[in-house]
Amino acid sequence: MSWQARALTGFMRGTLKPASILLMRHPLALVCAARLGDLARLVQVPYPEHVAIVPATLSACGGEWVRGGEGLDERKVVLYFHGGGYFSCSPGTHRPITWRLSAAARRPVLALDYRQGPVHTLADSLADAMGAYDCLLRRGHAAGDIVLAGDSAGAHLTLATLLALRDRGLPLPAAAICLSPWADLTDAPRHANRRQDPMLPAGRVRWLARRWTAGLDPRDPLVSPVHGDFTALPPLMIVTGSTEVLRDEGRRVAERARQAGVPVRYEEWDRMPHVFPILADVLPEARLAFRHMAKFLGAVAGRPGSPRDVGPIWDTA
């Protein structure tokens, strides 16, 4: 564990986690957080000069095209779903991930600005994801040239989209990458890493899940993908931290996918915080994670010099 990671996780433990415990106790907090998120859209997260970002409009929501350099394969694309608990953040807040993922995948990234709560529902978010995927197909991208990816709630949306595409008999993407997936929205308590997680309070995650599943069957695979049947899904890469309160959800997804015969690359990084790749500006471990993603996608594409087998693999890093 780098000294940068030690310092940052200590800071999170003393600031972000107590703030979440204090604030996330009332539905009004979600409304306020969503409005703050709207203001945050006005803040331009800096990115390198070689990165190109162009606004995009797809279906009922917008987004942005992110190109992490020159010489990318424009026939191919990564469709990215940002995290934020389904009530905050945007494509702009996740540019530290999307431009690096574009460079690692050697293709443009479409970061989708999907609808979120508390105004919209999980079904609305999924409809936007499905609409964006359909739009890419209609633009001429072959399904085998598309990769889905997302972090936290965006990884939940990634898994739900895969299951919905498969169940509707639609062509599936080449692969998917899930960073710190939030995959179980049932009311089950989370005991693992309750004290160790430097960022997310287990009780607040459970409270938020109750909000989004009100009136729904929380064991529906499109609501809690960890309970889904992963048969015939494309290769998956799952990246999580060993001390995350959501770690076991990533493990369970990997296990269910492997049992269904899906090639899986599971990486559990020692003491890394939730969605640590977004911290690549300061964490060497996060920068290394993108190299691992590049190798995974290279294996999926069969590029020379890439590992030939993408799964089943179970690694800790």
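1. By the rule applied here, in which a side-chain nitrogen of Lys or Arg lies within 4 Å of a carboxyl oxygen of Asp or Glu, the count comes to 15 salt bridges. The model is a predicted one, in which local features need pLDDT of at least 70 and side-chain atom pairs count only at pLDDT 80 or more, while totals for chains, interfaces and linings use all residues. Residues are numbered from 1 along each chain as its sequence is written, and side-chain values use heavy atoms, with hydrogens and water left out.

2. One of these salt bridges joins the side chains of Arg 95 and Glu 64 at 2.9 Å, N to O. Because Arg 95 lies in helix 4 (residues 95-105) and Glu 64 in strand 2 (residues 61-67), the pair ties together parts that are 31 residues apart in sequence; helices (H or I, at least four residues) and strands (E, at least two) are DSSP runs, numbered from the N terminus. Both Arg 95 and Glu 64 are buried, where buried means under 20% relative accessible area, exposed over 50%, and partly exposed in between (1.4 Å probe, protein chains only).

3. A salt bridge also forms between the side chains of Asp 281 and Arg 100, at 2.5 Å, N to O. Asp 281 sits in the loop between strand 8 (264-269) and helix 9 (284-301), and Arg 100 in helix 4, 181 residues apart. Asp 281 is exposed, at 53% relative accessible area, whereas Arg 100, at 13% relative accessibility, counts as buried.

4. Glu 267 forms a salt bridge with Arg 265, their closest N and O atoms being 3.1 Å apart, and Glu 267 is buried, with a relative accessible area of 2%.
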